[in-house]
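The notes after the structure are grouped by topic.

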Amino acid sequence: MTAPGRNGAGGRIRQSSATSKSGVAWHTGPQQRLSHMMAPKKAALVTGGANGIGRAIAKHLLASGWNLGVIDLPGSGLRRVFPPASRNMLTIEGDVRDEETVSDAVDAIVHRFGRLDAVVSNAGIMIRKPIRRLTLAEWHRVIDTNLTAAFLLARAAEKPLRKARGAIVTIASTRALMSEANTESYSATKGGLVALTHALAISLGPDVRVNCVSPGWIETKDYGALRRKDHRQHPVGRVGKPEDIAEIVAWLLDAKCSGFVTGANFVVDGGMTRKMIYAP
Ligand SMILES: NC(=O)c1ccc[n+]([C@@H]2O[C@H](COP(=O)([O-])OP(=O)(O)OC[C@H]3O[C@@H](n4cnc5c(N)ncnc54)[C@H](O)[C@@H]3O)[C@@H](O)[C@H]2O)c1
């Protein structure tokens, strides 16, 4: 196993894999050589990138020319979705709840690409249970995955992000603003993310912009199986797709487009949170 070589200064990166002290395994692409004259491409880290919205964000950024690190759990399908043959990619298997894993992931990206310009805290889980049956361990699992991980990542990435004058995007939910029953832990984390976002925007500005995207219903599985009424209840006439979120995340990460935007929460829900639903 070979540690990835530093990029951006004519260094050689070999097809390699490595494991850090925290057990994080990362996989780099094939051998490449960069010229000293070549401006290094921007690099981003996306959490929970093996599936759903995170995968769409990662693919969108890759297609837009970013170097990319993606972290997801072992067994999440990360290697299948992003085969290690891509030289612009670093796939990292690990758990974003773990402090050392997160800081190793940041180090691995800076080591591999020579910089870190953007972080997307997307990994998230929901446990839907009546509060009387929700255990403290389950509560902590949701808080740690959805909220604490975003704090760990922002803290670990502060230095390289400041240096790059970069950006953070957190993925919250319209459930930060409205609720169905039995979603206390999830909703608490999403409200927490909206607040963490504006706190970070103030603390890390003007070097780093920090924004939040709150998706509504984004169908990540079988879009074709949705019913007409699923689509028609939305003011825009359709259910959301992962690419709807990827588009706005990419815009928020690009200072040329969104350089005057920080601390904001963007609701991307086809208008559902603007619709009154009192029974006639
Ligand atoms: N899909 C929606 O309708 C919707 C709506 C609002 C908000 N969101 C939010 O968007 C984000 C992505 O949702 P999705 O629907 O794509 O979910 P998903 O379940 O399809 O994907 C989530 C990914 O996060 C990974 N993950 C979970 N725990 C992890 C951990 N501890 N460490 C590393 N990776 C971990 C999973 O393995 C998975 O690949 C989540 O934060 C979710 O709360 C989704």
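The model is predicted. In helix H1, twelve residues at 1.5 Å a residue should span 16 Å, and the end C-alpha atoms lie 17 Å apart, so the two values agree. The chain as a whole holds eight helices and eleven strands.

**Helix H1**
- H1 covers residues 52–63.
- Its buried residues are Ile53, Gly54, Arg55, Ala56, Ile57, Ala58 and Leu61.
- Glycine 65 follows H1 and has a positive phi, near 95°.
- Glutamate 243 belongs to helix H7, which runs over residues 242–253.
- Glutamate 243 has 13 C-beta neighbours inside 10 Å and therefore counts as partly exposed.

**Shell around the ligand**
- The ligand is surrounded by 25 residues, and the closest are Gly48, Asn51, Gly52, Gly124 and Ser173.
- Two elements give two or more residues to this shell: helix H1 and strand S6 (67–72).
- H1 provides the largest share, three residues.
- By residue class, the shell divides into eleven nonpolar, eleven polar and three charged residues.

**Packing of H3 and H4**
- Helix H3 (residues 99–113) and helix H4 (residues 136–164) have axes that come within 9 Å and cross at roughly 35°.
- The crossing of H3 past H4 is right-handed.
- On the H3 side, the contact is made by Glu99, Val102, Ser103, Val106 and Val110.
- On the H4 side, these meet Ala149, Leu152, Leu153, Ala156, Ala157 and Pro160.
- The contact residues divide into nine nonpolar, one polar and one charged.

**Backbone details in loops**
- Arginine 165 is not a glycine, yet its phi is positive, at about 50°.
- Arginine 165 sits in the loop between H4 and strand S9 (167–171).
- Because arginine 165 has 13 C-beta neighbours inside 10 Å, it counts as partly exposed.
- Asparagine 182 is another residue other than glycine with a positive phi, near 70°.
- The loop that holds asparagine 182 lies between S9 and H5.
- With 15 other C-beta atoms within 10 Å, asparagine 182 is partly exposed.
- Glycine 205 and proline 206 are joined by a cis peptide bond, with omega about 0°.
- Proline 206 is located in the loop between helix H5 (184–204) and strand S10 (209–215).

**Chain totals**
- The chain has 280 residues, and buried residues make up 41% of them.
- Of the contacts between residues at least 6 apart in sequence, 67% join residues at least 24 apart.

Key. Residues are numbered from 1 along each chain as its sequence is written. This is a predicted model: local features need pLDDT of at least 70, side-chain atom pairs count only at pLDDT 80 or more; totals for chains, interfaces and linings use all residues. Axes are lines fitted to C-alpha atoms, for helices over the stretch in contact, and angles run from 0 to 180 degrees between N-to-C directions. Helices (H or I, at least four residues) and strands (E, at least two) are DSSP runs, numbered from the N terminus. A crossing is left-handed if the near helix is turned anticlockwise from the far one by less than a right angle, and right-handed if clockwise. Two residues are in contact if their C-beta atoms, placed from the backbone, lie within 7 Å. Ala, Val, Leu, Ile, Met, Phe, Trp, Tyr, Cys and Pro count as nonpolar, Asp, Glu, Lys and Arg as charged, and the others, Gly among them, as polar. A residue is near a molecule or strand if its C-beta atom, placed from the backbone, lies within 6 Å of it. A residue is buried if 20 or more other C-beta atoms lie within 10 Å of its own, exposed if 12 or fewer, and partly exposed in between; C-beta atoms are placed from the backbone. The expected span of a helix is 1.5 Å times one less than its number of residues.
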